[in-house]
Amino acid sequence: MVNEYDVIVVGSGHAGCEAALAAARLGCRTLMITLNIENTALMACNPSLGGPAKGHLVREIDALGGEMAANIDRSYIQIRWLNTKKGPAVRAMRAQADKVRYHREMRNALEREANLDLKQVIVDEILESKGRVIGVRTNTGYVYRARNVVICTGTYLSGRIHIGEANFLSGPYGQHAAVRLSESLARLGFELRRMKTGTPPRLDGRSIDFDRLIEQPGDDVKGGFSFWSDEPVVNRAMCWLLRTNSKTHKIIRDNINRSPLYTGAICGIGPRYCPSIETKVMEFPDRESHPLFLEPEALGSSEYYLAGLSTSLPENIQVELVRSIDGLERAKIIRYGYAIEYDSIDPTSLKPSLEAKSIDGLYFAGQINGTSGYEEAAAQGLMAGINAALSCQGKPPLILTRSQAYIGVLVDDLVTKGVSDPYRMMTARAEYRLSLRHDNADLRLSKIGYDIGLLSDEKYQRVVWKSRTIESELERLRAWSITPTSEVLQTLSDMSESPIYSAVSLADLLKRPSLSYQDMARFGFDVKDLPPDVISEIEVQLKYDAYLRKQEREIEQFAHMESRAIPPDLDYYEVRNISTEAKQKLSKVRPRSLGQASRISGVTPSDITMLMLHLRKTEQ
């Protein structure tokens with residue numbers, strides 16, 4: 001038996017899949033170990049990907065050479081554009097997945113990798129020697145050795161399911177819980193925390209009165225999530241909007257004493273931005289209703305996911321809840337909702353590379369780091385897998401900054417600020433979100449993916465062509481001027497546009513919100529037949545030029561602070577005139593730079609000033 005590897009990945013969820021594929025594609029002999037190979041890339045909760053910020057993460061994974069975007073493009077059944085009436089910083093796609101096909105396609109991708117072995121075994125222990133990981137031990141006592149190990153355990157780590165008064169050890173969907181692995185991590189000195197998430201009941205579509213629900217069709221989208229796919233989008237399924245009502249809320253209030261969230265049975269911290277229906281009703285008593293979405297789980301299946309009704313109430317109460325909703329009066333539940341508690345670590349115990357500070361070669365990614373969501377997990381898995389592979393090759397880690405990517409924001413938030421509840425990526429977390437758009441992830445990150453060896457030359461050349469084409473068109477538009485001739489003024493009037501009073505370049509004219517690239521043909525400009533994403537980028541760069549330039553200056557200031565390195569062995573207790581809290585927080589996080597230090601909760605601007613002065617004195 002082969003038991004020597006470069007990289008071992010523990011877990012085959014969304015984080016584990018990206019980590020294993022990245023390491024294998026970068027030339028490392030990789031082993032993925034999973035509790036159940038049938039649950040590879042399992043969508044244990046909502047059967048969808050994307051949305052604001054989350055969709056940005058999927059696009060960035062794709063730009064770097066990851067798999068998630070390509071996999072959802074192979075398995076989606078509906079795609080919608082969100083926030084289309086808002087600015088480009090928050091626009092994003094959301095895809096409804098055929099969760100069965102999503103799993104099958106991801107497993108196929110794993111099985112095609114020559115450098116990747118898959119094994120269905122249970123890992124009980126992480127092995128280390130002299131401060132470095134050396135492998136893992138399974139429940140049968142067999143040892144697999146590796147130079148680097150990536151832990152991607154999702155919600156399986158000492159998982160406990162709660163349904164009403166009942167609770168039992170389990171992973172999602174009734175799978176095994178990894179109990180001994182929790183004990184191993186605790187012995188290695190990691191601080192374990194209990195987190196909680198939940199899922200709604202799944203309904204039998206044959207018992208639903210769809211005529212009473214509001215249809216939510218897919219959109220006419222030119223392309224899917226992956227930058228490298230040229231396949232047209234075909235929507236194959238319908239989703240529906242419905243709402244809770246006063247009867248629903250009364251059932252919850254009358255039975256709240258049977259919810260483990262309110263009896264004290266659950267001690268884990270739940271997600272702030274995806275609360276249970278019990279939490280919504282009890283914390284927002286003035287709300288007359290809450291929106292719900294009915295989403296198909298897979299093509300050819302009658303099972304439907306009732307998004308927005310996450311609950312851990314007893315089964316009979318769940319039936320009452322569901323049947324109190326218009327259109328669901330005769331609905332049958334196929335799978336009952338539940339809450340699940342699981343162990344996670346304090347992510348401030350990790351370096352920005354997602355490697356543990358205390359044990360070399362041990363990386364963590366996904367919900368074990370205190371995050372929620374498939375997209376957040378996959379982004380971490382990709383970075384952990386890349387860095388585990390780079391470490392094997394003797395190369396420095398890849399660390400994305402907050403000004404480069406949402407992935408950079410995600411990782412920096414985790415390792416610098418830590419988490420108090422399951423972390424969800426949102427556009428509001430990104431200071432430079434106008435520059436970190438859903439549509440330009442390839443322009444921002446593809447060279448990085450290409451340089452490390454994860455993105456093929458063919459894909460990278462497509463980005464090079466796109467970048468050059470955009471710049472060429474921008475130059476042509478800047479060079480083409482129009483003057484206020486009678487013909488030009490009449491054209492503007494016909495377009496319901498205000499007149500011009502002096503010579504204006506088409507680049508400046510195109511800054512007007514109502515004008516498009518194609519409209520420039522009316523002024524004699526040779527409009528080229530360009531892909532929609534290229535035209536969109538041209539328009540965004542011109543219409544938001546002033547804002548983008550301002551953000552560029554802010555990014556330059558940010559880069560200056562990030563480049564001011566802090567020695568890794570600095571004794572913060574020797575820094576004069578900073579608070580005791582700052583000394584404690586800085587000593588725990590051990591920031592790499594002044595920029596990172598400034599983002600630590602409890603560290604004030606005056607603390608940063610004193611730290612900067614201390615660094616100057618020590619360098620003299």
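This is a predicted model: local features need pLDDT of at least 70, side-chain atom pairs count only at pLDDT 80 or more; totals for chains, interfaces and linings use all residues.
Let me begin with an open sheet of four strands, whose order is β11-β10-β19-β12 and whose pairing is antiparallel; two strands count as paired here if DSSP finds at least two bridges between them, and the strands themselves are DSSP runs (E, at least two residues), just as helices are runs of H or I with at least four residues, numbered from the N terminus. At the edges of this sheet stand β11 (166–169) and β12 (192–199), each of which pairs on one side only. On average, neighbouring strands of the sheet are turned by 25 degrees against each other, direction ignored, where axes are lines fitted to C-alpha atoms, for helices over the stretch in contact, and angles run from 0 to 180 degrees between N-to-C directions. Inside the sheet, strand β10 (residues 160–163) runs antiparallel to strand β19 (residues 338–345) and is joined to it by three bridges, with Ile161 standing opposite Ile340 in β19.

Residues are numbered from 1 along each chain as its sequence is written, and side-chain values use heavy atoms, with hydrogens and water left out.

The next sheet is also open, and its six strands follow the order β14-β15-β16-β17-β13-β18 with antiparallel pairing. Because β14 (214–216) and β18 (333–335) stand at the edges with a single partner strand each, one side of each is left without a neighbour in the sheet. Neighbouring strands are turned here by 35 degrees against each other on average, again with direction ignored. Within this sheet, β13 (residues 202–204) and β17 (residues 303–307) run antiparallel and are joined by three bridges, and Asp204 has Glu303 in β17 as its bridge partner.

Now to the hairpins. Strand β7 (residues 123–129) pairs with strand β8 (residues 132–138) in the antiparallel sense over six bridges, and Glu125 stands opposite Arg137 in β8. Two residues lie between these strands in the hairpin, where Lys130 in the turn has a positive phi of about 55 degrees. β8 pairs in turn with β9, antiparallel and over three bridges, and here the bridge partner of Arg137 is Val143 in β9. This second hairpin has four residues between its strands, and Gly141 takes a positive phi near 95 degrees.

Beyond its neighbours within four places in sequence, Arg145 is in contact with Asn3, Glu4, Tyr5, Ile8, Ile134 and Gly135, contact meaning heavy atoms within 4.5 Å.

Finally, the helices: α1 (residues 14–25) packs against α4 (residues 99–112) at an angle of about 25 degrees, with the axes 10 Å apart. That makes α1 roughly parallel to α4, since angles under 35 degrees count as roughly parallel, over 145 as roughly antiparallel, 65 to 115 as roughly perpendicular and the rest as oblique. His14, Cys17 and Leu21 in α1 meet Tyr102, Met106, Ala109 and Leu110 in α4.
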